[in-house]
Amino acid sequence: MNAAPAGRDRDAERVPVLGLTVLYDAHCPLCAFLKKWLAGQAQLVPLRFVPAGSEEAARRCPRLDHRATLDEITVVGDAGQVYQGAAAWVVVLWALRQYRPLAHRLSTPTGARLARGATLAAAKWREAQSSRRWGGGVYGRGDGWRYDPAAGWIFEPPGCDSGGCRTVPSR
């Protein structure tokens with residue numbers, strides 16, 4: 001049996017994707033592991049990893065709901081395309097040399113159900129892990145805010161060695 005000739009990517013000439021920004025929860029062990037794994041893969045489309053909820057994320061993507069990006073993986077294309085949840089995972093796989101064929105299969109109606117199920121399973125695992133983080137200890141968000149059960153919310157600005165200290169952001 002002969003393989004069919006490879007077809008061109010759908011609409012790649014009209015809206016080429018030259019890079020993807022992956023917003024991930026830097027405090028989530030699963031997210032940190034996947035970021036490292038993705039960074040080590042051969043990429044057909046460059047992936048840039050930016051902690052969700054960070055100043056860099058706000059600067060790069062000013063119109064996004066950045067609180068929502070902490071709850072669900074969000075990927076932003078260089079032309080402003082926004083992918084969330086299962087669609088974000090599919091587009092990230094599409095960017096990887098070895099996993100592009102899998103991404104094409106996951107973009108079918110049947111594959112989309114599988115991708116959604118995997119995304120829900122990961123979200124459930126993250127939820128279970130995050131409840132452990134709140135087990136009476138201090139929880140830090142990475143933007144200078146941390147929650148201490150004994151003292152409440154505390155803001156500790158990042159180092160001011162350069163003299164450019166920021167004002168206190170709102171929670």
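The legends below describe several close-up views of one predicted model. Residues are numbered from 1 along each chain as its sequence is written, and side-chain values rest on heavy atoms, with hydrogens and water left out. Because the model is predicted, local features need pLDDT of at least 70 and side-chain atom pairs count only at pLDDT 80 or more, whereas totals for chains, interfaces and linings use all residues.

**View 1. Four strands form an open sheet in the order E2-E1-E3-E4.** The pairing in this sheet is mixed, where two strands are said to pair if DSSP finds at least two bridges between them. Strands (E, at least two residues) and helices (H or I, at least four residues) are DSSP runs, numbered from the N terminus. The edge strands are E2 and E4 (82-84), each of which pairs on one side only, and the twist averages 25° from one strand to the next. E1 and E2 pair in the parallel sense over five bridges, and Leu20 stands opposite Leu47 in E2.

**View 2. Helices H1 and H4 lie across strands of the sheet.** H1 lies across E1 and E2 and runs at about 160° to E2, while H4 lies across E1, E2, E3 (74-77) and E4 and runs at about 115° to E4. For these angles, axes are lines fitted to C-alpha atoms, for helices over the stretch in contact, and the angles run from 0 to 180 degrees between N-to-C directions.

**View 3. The largest nonpolar core has 24 residues.** A nonpolar core is a set of buried Ala, Val, Leu, Ile, Met, Phe, Trp, Tyr and Cys residues joined through side-chain atoms within 4.5 Å, and buried means under 20% relative accessible area, exposed over 50% and partly exposed in between (1.4 Å probe, protein chains only). The residues with the most contacts inside this core are Leu20, Val22, Leu47 and Val75. Two or more residues each come from E1 (20-24), H1 (29-39), E2 (47-51), H4 (86-95) and H5 (100-106), and the largest share, eight residues, comes from H4.

**View 4. Cys61 is placed in the loop between helix H2 (55-60) and helix H3 (66-71).** Cys61 is buried, with a relative accessible area of 7%. Leaving aside neighbours within four places in sequence, Cys61 is in contact with His66 and Val76. Cys61 and Thr21 are 40 residues apart in sequence, yet 9.5 Å apart in space, C-alpha to C-alpha.

View 5. The structure as a whole holds zero disulfides.

**View 6. Arg60 forms a salt bridge with Glu56.** A salt bridge is a side-chain nitrogen of Lys or Arg within 4 Å of a carboxyl oxygen of Asp or Glu, and here the closest N and O atoms are 3.0 Å apart. Arg60 and Glu56 are four residues apart in helix H2, so about one helical turn separates them. Arg60 is partly exposed at 40% relative accessibility, as is Glu56 at 27%.

Conventions:
Disulfide = S-S within 2.5 Å. Contact = heavy atoms within 4.5 Å.
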